[in-house]
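This report looks at one protein chain, from its overall build down to a single residue. Keep the sequence and the structure in view while reading.

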Amino acid sequence: MLFNSIEFFIFLPIVFICYWFFLKKNIKYQNFFLLIASYVFYAWWDWRFLSLILFSSILDYLIGLKIFENKDREKSKKYWLWISMTINLSILGFFKYFNFFISSFIDAFDTIGISLNHYSLNIILPVGISFYTFQTMSYSLDISKNKIEPTKDFIAFATFVAFFPQLVAGPIERASNLLPQFLKQRKFDYKIALDGASQILWGLFKKIVIADNCAPYVNEVFGNYSDQPTLTLITGTVVFAFQIYADFSGYTDIAIGVAKLFGFDFKQNFNYPYFATNISDFWKKWHISLSSWLNDYVFTPLAINFRNHKKRGIFSAVFITFLVSGLWHGAGWNFIVWGGLHGLFYLPIIFSKKRFTAISTAKGPKKNTAKISDLPKIISTFTLVCITYIFFRSETLTDALLFIKSIFYNHSITRAATIETSVILFIILLVLVEWLQRDKQYGLQIQSLKINRIFKWSIYYLVIFFIFWYGAEKQDFIYFQF
Amino acid sequence: MNEYLNDLSNLFREVLENDDITLNPETTANDIEEWDSINHIYLVVEIEKTYQIKFKSSQILEWKNVGDIVSAIIEKKS
């Protein structure tokens, strides 16, 4: 079920009413109901892969208990952790990377003159697999590091894994934040619910009005890059930057907003990333739940092992972490290059300053404090990010390289994609609103502003009007493919 | 414990370039702005150098607060 579908807007009120009006008194019933609702939400897309989620939940639930039982026996603890990691990564590896590894393997043999039969399986990628496997893996990892204790309540755990607002595209919640919320009574709070509803509205605006309206133009530019003039290729890349941001942060806003309606508090996942003043700052503000996951479970263990190599060690850890991040996003060399470039952009930061900031901080984002005088830094960081998007958006690595070549040197210009003026105006509106609201959790968080009530409600109605009037043809959320 | 806390506070002040740091056993990375994941590595390196000890990597990953760091140092020194 998509957040931007009619089904969802029938599903949501039904779940909301049953949850608060009929099951209010008993958290066990509430949790069980949310679990069933979440499975229905997922089954709407494909019921066959529900078994994978259930399997993943049972696996890490049991292994979590086993690791805790053996917390003073280092060897047994490691043994159980390895079982969890191996099975989780094998499932992810099979569904996501099988064909990629097979074809890369065949290509490698091709280049040394040995020709192998092309062989690939028709594997469908189960939606959300990269998100929920990371969530269950972090549970077992945190127990093994004595950071959290396992729960004995299977229903609460299974709901933590499958909770529908964050099941298919995150935020990748940690057990330390979300699991305890399933174990205690939730209270309905009108203010928080209103805040949630306005965050959902903002998410829908970003997705339906901005991202989906950018899509046709971006598809045209990236689909026929060899025919387009330089300026169009550059504009197409910049518009894609706003498309993917509006798409993914819009999704996240809806997820966080829906969670608020049910009395849950998710961690912030975006903190106005395009106002970042360097690449490290960008990664503290973009897809925070993933970058802090990679920070805790990939970067930190590597950097600790490499610690005697000083800055070289730290750079290697950063670089490897970004290659993993690339691979997480997709099974393709273009994603690996995308990650590698972000890693390389850390070089000047690591080697020029004595002290600098991290890939991401697990502390959660602080208020965005960008100033107008930071503009040159903001623009140069945004430019670097846009360069990497060419690799991210192109179908293959070859396409990305040819796209870049076409920017500098192009003989066969036969057309130029055109963009609607309204799309450009909406992008400008987004940037202005977010700049003014950058110290808030999201752009439309206007409840606390000291402005007239009627004016406030007019803004809400205006956003609703935009959604219905300028809403584009429905598109899938980009991050579903990861 | 206290004598280590004083020494560590000095070490943290120097590495993180913040003179306002005063550690107690419950202090965590959340309490100190500059204590992020990369500076954490510098802190570990500096602690190992100062006390001439070598931690196991897996042990470092289990630290939750300054108290855990002090216990690890005391354990290594004894």
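The text below covers the chain as a whole and then one tryptophan.

**The whole chain**

The model is predicted. Chain A contains 19 helices and zero strands. Its radius of gyration is 23 Å, close to the 23 Å that the globule rule gives for 482 residues, so chain A is as compact as a globular protein of that length.

| Property of chain A | Value |
|---|---|
| Span of the C-alpha trace along the principal axes | about 70 × 65 × 50 Å |
| Share of the 482 residues that are buried | 55% |
| Accessible surface | about 21900 Å² |
| Part of that surface belonging to carbon and sulfur atoms | 66% |

**One residue: Trp328(A)**

Where in chain A is Trp328(A) placed? This residue belongs to helix H13, which covers residues 310–329. Is Trp328(A) buried or exposed? Its relative accessible area is 2%, and buried means under 20%, so Trp328(A) counts as buried.

Tyr97(A) is 231 residues away along the chain, yet the C-alpha atoms of Tyr97(A) and Trp328(A) are separated by 9.7 Å. A polar atom of the Trp328(A) side chain lies 3.3 Å from the backbone oxygen of Ser130(A).

Terms used. Residues are numbered from 1 along each chain as its sequence is written. Chains are lettered from A and ligands numbered from 1 in the order in which they are written. This is a predicted model: local features need pLDDT of at least 70, side-chain atom pairs count only at pLDDT 80 or more; totals for chains, interfaces and linings use all residues. Side-chain values use heavy atoms; hydrogens and water are left out. Helices (H or I, at least four residues) and strands (E, at least two) are DSSP runs, numbered from the N terminus. The radius of gyration is taken over C-alpha atoms; the globule rule is 2.2 Å times the number of residues to the power 0.38. Buried means under 20% relative accessible area, exposed over 50%, partly exposed in between (1.4 Å probe, protein chains only). Accessible areas come from the Shrake-Rupley method with a 1.4 Å probe; for residues, only the protein chains shown count as cover. A polar contact is a pair of N or O atoms within 3.5 Å; within protein, one must be able to donate a hydrogen and the other to accept it, and residues adjacent in sequence count only if both atoms are side-chain atoms.
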